[in-house]
Amino acid sequence: MTQNNILTQDYILQLTNQFENSIKLQENLKSQGWEDEAINQCIVEFKKLKSSQKLSSGLLFIIIGGAIGFISCVLCILNPLPEFHNLFLYGLTLISVLLIIYGMYVIFE
């Protein structure tokens, strides 16, 4: 099984779901008899896939936070329910800012 290891996107995705970090993945691949070159290539692809997953989830939080912030702004300007003005102004704005900050944290972590 040393020469016949072919790295496919499906196999890397399966490894990404199994392992949380590259150290455990490297130990597993060494125990299976993979060559160092193939292990290094697999680790690089593993890190790229993990990074893209973090980026997509972080961007999702940022987009949702931006949408809630926009809705909050529109509701404050239109003021459809005057008794909920403070909720629209402070509550939804707080939620949107927290979601945006969390999204940036996920991306830059």
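Which way does α3 pass α4, in a left-handed or a right-handed crossing? Keep that one in mind; point 2 has the answer.

1. First, the ground rules. You're looking at a predicted model, where local features need pLDDT of at least 70 and side-chain atom pairs count only at pLDDT 80 or more, while totals for chains, interfaces and linings use all residues. Residues are numbered from 1 along each chain as its sequence is written, and side-chain values use heavy atoms, with hydrogens and water left out. The helix labels follow DSSP runs, numbered from the N terminus (H or I, at least four residues, for a helix; E, at least two, for a strand).

2. Start with α3 and α4. Helix α3 covers residues 36–78 and helix α4 covers residues 85–108, and the two pack at an angle of about 165 degrees with their axes 8 Å apart. An axis here is a line fitted to C-alpha atoms, for helices over the stretch in contact, and angles run from 0 to 180 degrees between N-to-C directions. The pair is therefore roughly antiparallel; the cut-offs are under 35 degrees for roughly parallel, over 145 for roughly antiparallel, 65 to 115 for roughly perpendicular, and oblique for the rest. As for the opening question, α3 passes α4 in a left-handed crossing. Left-handed means that the near helix is turned anticlockwise from the far one by less than a right angle, and right-handed means clockwise.

3. What sits in that contact? The residues where α3 meets α4 divide into 18 nonpolar, 10 polar and 1 charged. For this count, Ala, Val, Leu, Ile, Met, Phe, Trp, Tyr, Cys and Pro are nonpolar, Asp, Glu, Lys and Arg are charged, and the others, Gly among them, are polar.

4. Two pairs of residues are handy for checking distances here. I62 counts as partly exposed at 24% relative accessibility; buried means under 20% relative accessible area, exposed means over 50%, and partly exposed is in between (1.4 Å probe, protein chains only). F70 counts as exposed, at 57% relative accessibility.

5. Take a look at the loop between α3 and α4, where you'll find N79. Its phi is near 50 degrees, a positive value in a residue other than glycine. N79 is partly exposed, with a relative accessible area of 32%.

6. Now for α2, residues 22–31. The axes of α2 and α3 come within 10 Å and cross at roughly 150 degrees, so these two helices are roughly antiparallel. The crossing of α2 and α3 is right-handed. Within α2, S22, L25 and L29 are buried. They cover an arc of only 60 degrees around the axis, so they are on the same side of α2; the arc is that of the directions from the helix axis to the C-beta atoms. The face turned away from that buried side carries the exposed residues I23, E27 and S31.

7. Helix α1, residues 9–18, has a similar story to tell. I12, L15 and T16 are buried in α1. Their arc around the axis is only 105 degrees, which puts them on the same side of the helix. On the other side of α1, D10 and N17 are exposed. For D10, the relative accessibility is 63%, and its C-alpha atom is 39 Å from that of I71, 61 residues apart along the chain.

8. How does α1 sit against α3? The two pack at an angle of about 70 degrees, with their axes 10 Å apart. That makes α1 roughly perpendicular to α3, and α1 passes α3 in a right-handed crossing.

9. Last, the charges. Side chains of opposite charge can pair when their charged atoms come close. The count here comes to 1 salt bridge, taken as a side-chain nitrogen of Lys or Arg within 4 Å of a carboxyl oxygen of Asp or Glu. The partners are E45 and K48, at 3.9 Å, N to O. Both lie in helix α3, 3 residues apart, about one turn of the helix. E45 is partly exposed at 29% relative accessible area, whereas K48 counts as exposed at 51%.
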